[in-house]
Amino acid sequence: YGDFLWDDKGVPAGQTWVRVDLKSQLISVFRSGHEIGTAVILYGADSVPTPTGKFPVIAKLKDHRSATYDAPMPYTLRLTADGVSIHASDVRWGYATHGCIGVPVEFAAKLFEAMRVGDEVFVVDSASNA
């Protein structure tokens, strides 16, 4: 938890997209057909689950703070109109979110720079094949 890998050396510029697997608790970042980053994630607690599906990034907010939870959400990549996002979190065993996808801070910064509004995020739950 809190560890990540990021290596985009030699990977050509191109389309970037993300796959999040809730069952394995992993995020994978791809550019030009190559995996360039992966990390362990936090996801929504049972009472506020993270939605599955295909989501374009609809906004990027570098120094965002949640108005709902009065909590910092640095390097936010907003996925839904109701606030589900990928953002920096203190990724630790036993922690959860209110539906967002939490990633380590340094990983979040790299992901924030790599992604553009409109880039796609695929959220799946490999246990249910959703």
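A: Buried denotes a relative accessible area under 20%, exposed over 50%, and partly exposed in between, with a 1.4 Å probe and protein chains only. A114 is buried because its relative accessible area is 18%. The model is predicted: local features need pLDDT of at least 70, side-chain atom pairs count only at pLDDT 80 or more, and totals for chains, interfaces and linings use all residues. Residues are numbered from 1 along each chain as its sequence is written, and side-chain values use heavy atoms, without hydrogens or water.

Q: In which helix does A114 lie, and with which residues is A114 in contact?

A: Helices are DSSP runs of H or I with at least four residues, strands are runs of E with at least two, and both are numbered from the N terminus. A114 belongs to helix α1, residues 105-114. Contact requires heavy atoms within 4.5 Å. Neighbours within four places in sequence aside, A114 contacts W6, T16 and D119.

Q: Is T16 buried or exposed, and what does T16 touch?

A: T16, in strand β2 (residues 16-21), is buried, as its relative accessible area is 5%. Beyond residues up to four places away in sequence, T16 touches several residues, including V29, F30, A114 and E120.

Q: How far apart in space are A114 and G94?

A: Separation in sequence and distance in space are stated side by side here. A114 and G94 are 20 residues apart in sequence and 28 Å apart in space, C-alpha to C-alpha.
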